[in-house]
Amino acid sequence: MYRRALTIQDISCVGQCSLTVALPIMSACGVETAILPSAVLSTHTAGFTGFTVRDLADDIPAISAHWQKEGLDFAAVYTGYLGSVPQIDMVLEIMDHCLQEGGLRIVDPAMGDNGRLYPAFDMEYVEAMKRLVGAADYTLPNITEAAFLTGMEYRESYDQAYVKALIDALQALGAKNVIITGASFSPDTTGVMVRENGTDTYYEHRKISESRHGTGDIYSSAFAGALIRGKSAYEAAVIAADFTVAALEETLKGEPHLYGAKFELVIPKLIEMLK
Ligand code: PXL
């Protein structure tokens, strides 16, 4: 089954995150991937200083109107880092007008990590993101994002009951299926908690000692690609986790590489896992 999906997120020209990650990964999954850049930045905002930003919100309504005129629609819309509050409402409109019947809304509320929001965001953005997450068929927050979205306390150490309570609260916002990434219950492992059609399943894997920006986007892009190719949410979550771990392992070999992860080198593994 060959499907056309749309991904909406920024282009960070250098930095291996958002669209420069989503387009190659979803394409490798065998999904036709249309893009809507929400903004163009010279680099990502985590770790670089003095980056440039051009918000493309003014262009989005005309782009969407043209697609509708041409009768272009999508089997799924997958969203990541968005530039501003007005863009979130534009994305909701695009989902309403450009999705095929039964099309999937996949929302990664990419806005923070390690208990903090990324520099560009504030609580007004979090409020708007609640609306997008509430419309999601699948949402993939990390623990930080889930805590901000639900108003629950952010914890560094926690048990399965805490993660399930986060999922309950995300579902109270309207999200149908929830995948919590980076849920770690022991020092050497981490994993993903997947609630799909009301059933919770946890996939545990190795915790890599170092982290890199953009790995959340690598994860979500592989998840979206696998889901759109017809895998279950749990199967897609496992493929995405194994792919992200492989990318991080590759990153720690050879020349130091600090601002992103070398996911390109393990794309053959992703293709293999999808067979
Ligand atoms: O989702 C990661 C990401 C994407 N885009 C931009 C970012 C970041 C993380 O910091 O700054 C612009």
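I began with strand 9 and strand 10 (residues 189-196), which pair antiparallel over three bridges. Strands here are DSSP E runs of at least two residues, helices are H or I runs of at least four, and both are numbered from the N terminus. Two strands pair if DSSP finds at least two bridges between them. I looked up I179 and found V194 in strand 10 as its bridge partner.

A note on the source: this is a predicted model, where local features need pLDDT of at least 70 and side-chain atom pairs count only at pLDDT 80 or more, while totals for chains, interfaces and linings use all residues. Residues are numbered from 1 along each chain as its sequence is written, and side-chain values use heavy atoms, with hydrogens and water left out.

Next I checked the other neighbour: strand 8 (residues 138-139) runs parallel to strand 9, joined to it by two bridges. Y138 sits opposite N177 there.

Is strand 9 (residues 177-180) buried or exposed on its faces? I found both faces covered: N177 and I179 on one side, V178 and I180 on the other, are all buried. Buried means under 20% relative accessible area, exposed over 50%, and partly exposed in between, with a 1.4 Å probe and protein chains only.

Strand 1 (residues 4-14) pairs with strand 2 in parallel over nine bridges, and I noted E32 in strand 2 as the bridge partner of R4.

Last, I went through the rings. How many aromatic pairs does the structure hold? I got 10. Rings of Phe, Tyr and Trp (its six-membered ring) pair if their centres lie within 6.5 Å; planes under 30 degrees apart are stacked, over 60 edge-to-face, and the rest tilted. F48 and Y259 have ring centres 5.8 Å apart and planes at 50 degrees, so I logged the pair as tilted. They are 211 residues apart in the chain. F48 is partly exposed at 25% relative accessibility, and Y259 is partly exposed at 33%. I also marked a cluster, with ring pairs linking Y81, Y118, F121 and Y125.
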